[in-house]
Amino acid sequence: MTTYTLRSASPAKTRCEAVVVGVVQGAKGPELADGATDVGKAYGRKLRPLLATLGVTGKTGETVKVPTAGTLGSPLLVLVGLGKVVDATAVRRAAGVAARSVGNAASVGLALPAGSAELVRAVTEGHVLGGYTFTTYKKESKSTAPGEVVVLCEAARRKEVVAAFEEAQVVARAVAVTRDWVNVPPGDLTPPAFADTVAAATRELTRGRGAPKIAIKVHDEQALAEMGCGGILGVGGGSAAPPRLVELSYSPRGAERHLALVGKGITFDSGGLTIKPAQSMGEMKSDMAGAAAVVQATYAIATLGLPIKVSTFVPMAENMVSGSAMRPGDVLTQYGGTTVEIQNTDAEGRLILADALVRATERRPDVLIDVATLTGHMVVALGDRVAGVMGSPDVVDDVLAAAGTAGEEMWPMPIPEAMDERIHSSKIADLSQHDWIRWGGGLYAAAFLREFTGGLPWAHLDIAGPSFNSGGPWGHVTSGGTGVAVGTLVDYARALVA
Ligand code: BES
Ligand code: MN
Ligand code: ZN
């Protein structure tokens, strides 16, 4: 495993196998970015012609390697493009690109712009996440990760900078494990296996003196039946692997605020009897990304020791086709008694979330946030890099602000009044799960969920787009599970108790 250290050493003199600097796309051509000043000095007047010869532009994603032949303390200089604007987002992405560009160095010095706590955080998170790999299922898993990464920063002794550096590693670890859980094949992460994984991770995290305290309760199918969780049981009924509901509670002494989190944990979404076309089914192991994100955000909040109570609810089910699967036309009774007429077994997420949301309201939290790979409609609306946020306007605003500091792209979406009529259109049940009108399907889903929030301040994050990267890596985002929402939830909790 890579160790990260923070130092104020000179990037020109430091002896690593490679040293990374940023290049800005300036108005008059490429320029070395902040943090690289003494590398620029070491090259002096030779720098401009060198950059020109190499064709360096400073464009986002660009990497150029230069043997330093004695000019610097390190034998290899890596130039990474920051684009035109140097902010935390550009730095986070460039650090991610840098992590993949030097595959075989034992030690790497990062001399990217790091003049503030915010930027040190971006460099650290970006590098950890950009270098993420998932090799569990490879016969040979040779590690290309460096042994040591030194984050170079002139302000390395400032207290808030050190704190940002340490916290960045906690959050990045949580994001990385979220990616692992999403990437595990669905046959190996059935609801019981997922619940066991969370139980084992909770045990591991809370072991020993000084470790954070998190209580866990796993409800199996019998317990769910006794409780009357008809949504989770209905969706899970078609699978040979029974459903689960996992509840975590982090309750530090003296906490004055209480946040409840709910995450969609569909371990595989075939669509059920309303079966998905083959092409849409391929990536449906990622339908538990919201569940993984809320669990890992809870761990990160506890590890950081934030003085906030967090109650986390994770319904887990596999949406499959079989003789015991729920049918269109069935009526399910959600936890708490609301009845729902099923029209489309592929709109399963809202059914498991509804049970968990009602459970969450019983704890009387100050605020309720759910995270779910809920609708393809949100992907059509916002693309595959941006999450949609709906709910109580104040909570939505705060979530968007947290997404900004965490470096995640999120956008507000409305819940139009007309959706209320649509969700209440069932002739035989309290609510209609779906109405076959395509338009605004992601907003219909949010209106449906709102029915189960007990009027509490609430936000719903639809991460169907950004939770899984089907293409190649970009910035700090690697292929497969992305771990989106973990950073935003941690920053939201931070802001609540700031
Ligand atoms: N898990 C899917 C949503 C999804 C789509 C996630 C694409 C990730 C990428 C969800 O359960 C689903 O099937 N939603 C339906 C909703 C519809 C039936 C109202 C959809 O998107 O078509
Ligand atoms: Mn579905
Ligand atoms: Zn789904």
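Helices (H or I, at least four residues) and strands (E, at least two) are DSSP runs, numbered from the N terminus. The structure discussed here is a predicted model.

Q: Between which strand and which helix does the loop holding Thr482 lie?
A: Thr482 is buried, because its relative accessible area of 9% is under the 20% limit. Leaving aside residues up to four places away in sequence, Thr482 touches Val175, Arg179, Pro466, Ser467, Phe468, Asn469 and Val477. The loop that holds Thr482 runs between strand S21 (480-481) and helix H16 (486-496).

Q: Which residues coordinate the manganese ion (ligand 2)?
A: The donor residues follow the sequence spacing D-x76-D-x1-E. Their donor atoms stand at 2.1 to 2.2 Å from the manganese ion (ligand 2), and Asp346 contributes both O and OD. The residues that coordinate the ion are Asp269, Asp346 and Glu348.

Q: How is the site of the manganese ion (ligand 2) classed from the angles among its six donor atoms?
A: Six donors count as octahedral if opposite donors are over 155 degrees apart and all others between 65 and 115. The angles among the six donor atoms of the manganese ion (ligand 2) run from 72 to 169°. The class assigned to this site is irregular.

Q: Which residue coordinates both the manganese ion (ligand 2) and the zinc ion (ligand 3)?
A: The two ions, manganese (ligand 2) and zinc (ligand 3), are 3.2 Å apart. The residue that coordinates both of them is Asp269.

Q: What is the angle between the planes of the aromatic pair formed by Trp181 and Phe194?
A: Trp181 lies in helix H5 (residues 159-183) and Phe194 in helix H6 (residues 191-205), 13 residues apart. Trp181 is buried because its relative accessible area is 7%, and Phe194 is buried because its relative accessibility is 0%. The ring centres are 5.8 Å apart. The pair is edge-to-face, with an angle between the planes of 80°.

Q: How is the aromatic pair of Phe448 and Phe452 classed?
A: Both Phe448 and Phe452 are buried. Their rings are 5.3 Å apart, centre to centre, with 50° between the planes. Planes under 30 degrees apart count as stacked and over 60 as edge-to-face, and the class of this pair is tilted.

Q: How many residues are in the largest nonpolar core?
A: The members touching the most others are Trp181, Phe194, Val198, Ile369, Val399, Leu461 and Tyr492. At least three residues of this core come from each of domain 1 (3-169) and domain 2 (189-496). The number of residues in the largest nonpolar core is 96.

Q: What distance separates the centres of domain 1 and domain 2?
A: The domain assignment gives domain 1 (3-169) and domain 2 (189-496). Their contact takes twelve residues from domain 1 and twelve residues from domain 2. Taken over C-alpha atoms, the distance between the two centres is 36 Å.

Q: Near what value is phi of Arg364?
A: Most residues other than glycine have a negative phi. Arg364 lies in the loop between helix H11 (349-361) and strand S15 (367-372), and it counts as exposed because its relative accessibility is 71%. Its phi is positive, near 55°.

Note on methods: Residues numbered from 1 in each chain as written. Chains lettered and ligands numbered in written order. Predicted model: local features only at pLDDT ≥ 70, side-chain atom pairs only at ≥ 80, totals over all residues. Heavy atoms only, no water. Donors = N, O, S within 2.8 Å, 3.2 Å for Na, K, Ca; no water. Tetrahedral: all angles 85-135°; square planar, octahedral: opposite > 155°, others 65-115°. Core = buried A, V, L, I, M, F, W, Y, C linked by side-chain atoms within 4.5 Å. Buried < 20%, exposed > 50% of the residue type's maximum accessible area, 1.4 Å probe, protein only. Domains from an automatic or database assignment. Contact = heavy atoms within 4.5 Å. Phe/Tyr/Trp six-rings, centres within 6.5 Å; stacked < 30°, edge-to-face > 60°.
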